[in-house]
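Hello,

I am passing on the structure we spoke about. Please have it open while you read the notes that follow.

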Amino acid sequence: MTEYATSLKPGTSFSFSQFVELATWFHNYPAPGLLLGGHMVEEAKRRMPEGVLFDAISETSWCLPDAVQLLTPCTLGNGWLRVRNTGVYALSLFDKQTGEGIRVRLDPSKLAAFPHTHCWLMKTKPKKEQDSKALRREIEEHGPEMLSVSAIMVKPEVARKRSKGEIVICLLCGDAYPSLHGAICRNCSGDSPYMEGVESAIAVDIKQTIPSTPVEESIGKAVAHDMTRIVPGESKGVEFSRGHVVTAGDVCRLQQMGRFNLYVDQKVPNGYIHEDEAAKTFAGRMCGHGVAIEGDPREGKINFIAETDGILLLDDAKQRAFNTLPDVVVASRHEFSLVRAGRRIAATRAIPLYLERNIFGRALAILNGTPLFSIAPLRKVNVGLLITGNEVFKGLIEDRFADVLNAKVAHFGSHISKTLIRPDDAAEIASAAKELEQAGCELIITTAGLSVDPDDVTRQGLVEAGMKDVLYGMPVLPGAMTLVGQIGKSRVLGVPACALFHKTTSLDILLPRLLADLRITRSDVAKLGNGGLCMECTSCTFPKCPFGR
């Protein structure tokens, strides 16, 4: 029978029925998830070394965090409990210093003998139709039997102690908040949990505050914004720049351009910011490593250029959030595009002449003080090439992979420093991979041997060589059997045989990312499916085509 020890009364133990009373007091009712959580916490505590100071992770926000807070010193308030909502009914306790710990989960495969718990977890019946007494009895008598336990190592970024960082005053409402939330507090950025009862005090009717002036009365006055002249089919460009003082000779030209009323230089109305000032401020927060502003703002627009050759990185969620606001836009090339130094990669713009300050503030909050765009420069690395296959090793056919890969690697400024040819033998492949890693090859490219054929043992050999973080199988055609991983300090790229027969494959998408030393996650791989079908055009224009976008 499980005994419980609560952090509320250190040194005391109590029974399941007493835990039910405690859960009712703390949680308002003895929820099944909380009662199961009691078993889970005790199982994890029992396996943690005595005397270790630990933190906790709950993988759901439902009920389980309360079990952790009742039975351990870890709470949401003191920051020792983190809720990482994976949706799985699991929790972990881990050493604060090392990140080593124990994960306990409710295991669905063990619930066949416990129908009431299975019904509760899988929601096969509405809550009101479930037998709550029988469910509670199952949890009391068999809770530990429903669990699976494993040793874990918590990622450093998860184990790191949380910090509010610098505290600043919100420029809009005057409240104190952590500066890492952005230029204004989250409430003012539109993330308030409350309905707004009145319109913002700084919202001003621009039509009433920014009067226009007839063009013939504008002589001697400076125009407040750039004005474009369009000659259909010939040209489009700025004819009058912001600050230009209108002369008598300008009046006719302006009228020919269809400008009969002008906004002339005047004090920016209360509650607004000029388009150029807004764009300049946005740009300062959007530029990250390797990205520069191209010139001064024109018509509220600023362009960005790459300062170096590399891969364009962007915060997609932040870009989408920025573009949900009215009157501001930011547009860019596709993420992971290969860009060249000096070439344009993005632009941002404030659309109206004067942007409302509440919109301006919300835009700054979304940008959040971290760059929107950055460039991951391409490294010049030593590449090791491991060619596999009995037919090549025995000289039955001539290898063609070396020429193909030499050309592709050289195109990005790197070179193949060492080439090894091995038969379809896992031990030989493992030995060769280790040799390339020990020779200082920062990237190891293997060829072929990745299919389901019984002779294809390249994957097995790489695993025997110590390959970690393996991703095999890409939603890219051609190139579905591509592999990426890591052996020691060397990145690994497994290239399937299709790269010999198709000009453009998954190799062309992934190679630049690896040369830029970008981490490739399963989520990144999943995104490749959208645009991952090569049309195999007679005249290939890659990368100026949708493939890999």
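One caution before the findings: this is a predicted model.

Helix α3, residues 64-71, lies across β3 (54-58), β4 and β5. Its direction is at about 180 degrees to that of β4.

These strands belong to an open sheet of five, with mixed pairing. Read across, the order is β4-β3-β5-β6-β7. The edges are held by β4 (81-83) and β7 (147-153); each has a single partner strand, so one side of each has no neighbour in the sheet. From one strand to the next the twist averages 20 degrees.

Within the sheet, β5 (residues 90-95) and β6 (residues 100-106) are joined by five bridges and pair in the antiparallel sense. To find the pairing on screen, look for Leu93, which stands opposite Ile102 in β6.

The crossing is right-handed. On the α14 side the contact is made by Leu405, Lys408 and Val409, and on the α17 side by Leu507, Asp508 and Leu511. Of these contact residues, four are nonpolar and two are charged, with no polar ones.

Regards

Methods. Residues are numbered from 1 along each chain as its sequence is written. This is a predicted model: local features need pLDDT of at least 70, side-chain atom pairs count only at pLDDT 80 or more; totals for chains, interfaces and linings use all residues. Side-chain values use heavy atoms; hydrogens and water are left out. Two strands pair if DSSP finds at least two bridges between them. Helices (H or I, at least four residues) and strands (E, at least two) are DSSP runs, numbered from the N terminus. Axes are lines fitted to C-alpha atoms, for helices over the stretch in contact, and angles run from 0 to 180 degrees between N-to-C directions. Contact means heavy atoms within 4.5 Å. A crossing is left-handed if the near helix is turned anticlockwise from the far one by less than a right angle, and right-handed if clockwise. Ala, Val, Leu, Ile, Met, Phe, Trp, Tyr, Cys and Pro count as nonpolar, Asp, Glu, Lys and Arg as charged, and the others, Gly among them, as polar.
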